[in-house]
Amino acid sequence: MEPTTDRLKTPRAAGMAGVAFALLLAAAIVLIRISIPGDAADATIDQDRRWAVRLALQIVPFAGIFFLWFMGALRAHTGDAEDRFIATVFLGSGFVFVAALFAAAAAAGTVLNEETPSDFGRHYAYTLLATYAMRMAAVFVLATSMIGRTLGVFPRPLAMLGTLVGLILIVVGSGVPWSELLFPAWALVISLYILRVRRTAAPTDRSGPP
């Protein structure tokens with residue numbers, strides 16, 4: 001009975017890790033956006049906002065850790081019925097997203113001690129975050145939504161929402177400022193849904209046979 005009990009705990013673990021990831025990533029994106037200018041017309045960093053970059057650099061590693069836990073817990077929740085092709089895309093896009101996120105944070109850190117950030121450092125950080133990391137996030141969202149729809153893990157409206165978010169992130173990319181927040185917003189919605197389902201199923205689990 002112990003493997004079954006451990007498996008029933010997986011959705012709650014995925015939900016809690018997803019909430020932590022969503023909040024931390026959203027906070028890091030906001031801090032980087034408000035502290036490092038995205039265009040050459042405003043190429044200076046406000047001295048009073050350098051703390052925001054430092055705080056964002058401290059947050060990003062924890063966001064990546066919670067995302068890996070969130071990704072692993074979601075995969076465990078789908079079980080052995082998952083399609084191997086989609087699962088490969090799911091895992092690959094998730095790993096590349098974390099790598100690109102860490103690289104974007106490191107690039108943002110290079111401009112921390114510069115009075116006037118160089119165009120290279122600034123554009124490099126934003127390209128990694130808004131173009132590469134977010135497009136990998138889009139693939140992850142699409143793969144997750146496809147798995148959830150195929151296996152019935154997510155309701156149809158939630159799967160359609162994920163598909164819409166993934167397509168927007170792929171098409172829009174870095175063209176629309178702050179569009180990066182769509183990814184943590186989606187992760188938060190998914191996580192809250194998992195937690196709600198888990199709370200609903202908890203009384204049934206306790207009332208079942210020992």
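Student: Which residues touch the most other members of the largest nonpolar core?

Tutor: In this predicted model, the largest nonpolar core holds 49 residues. Helices α1, α2 (50-78), α3 (84-110), α4 (119-151), α5 (156-172) and α6 (182-207) each supply at least two residues of this core, and α4 gives the most, with eleven residues. The members that touch the most others are Phe21, Phe67, Phe97, Phe183 and Trp186.

Student: Which residues does Phe97 touch, not counting those up to four places away in sequence?

Tutor: Phe97 is itself one of the core residues that touch the most other members. Once residues up to four places away in sequence are set aside, the partners of Phe97 are Phe21, Leu25, Phe67, Ala133, Met134, Met136, Ala137 and Phe183.

Student: What share of the contacts with a separation of 6 or more joins residues 24 or more positions apart?

Tutor: The protein chain has six helices and zero strands, following the pattern α-α-α-α-α-α along the sequence. Among its contacts with a separation of 6 or more, the share from residues 24 or more positions apart is 80%.

Methods
Residues are numbered from 1 along each chain as its sequence is written. This is a predicted model: local features need pLDDT of at least 70, side-chain atom pairs count only at pLDDT 80 or more; totals for chains, interfaces and linings use all residues. Side-chain values use heavy atoms; hydrogens and water are left out. Helices (H or I, at least four residues) and strands (E, at least two) are DSSP runs, numbered from the N terminus. Contact means heavy atoms within 4.5 Å. A nonpolar core is a set of buried Ala, Val, Leu, Ile, Met, Phe, Trp, Tyr and Cys residues joined through side-chain atoms within 4.5 Å. Buried means under 20% relative accessible area, exposed over 50%, partly exposed in between (1.4 Å probe, protein chains only).
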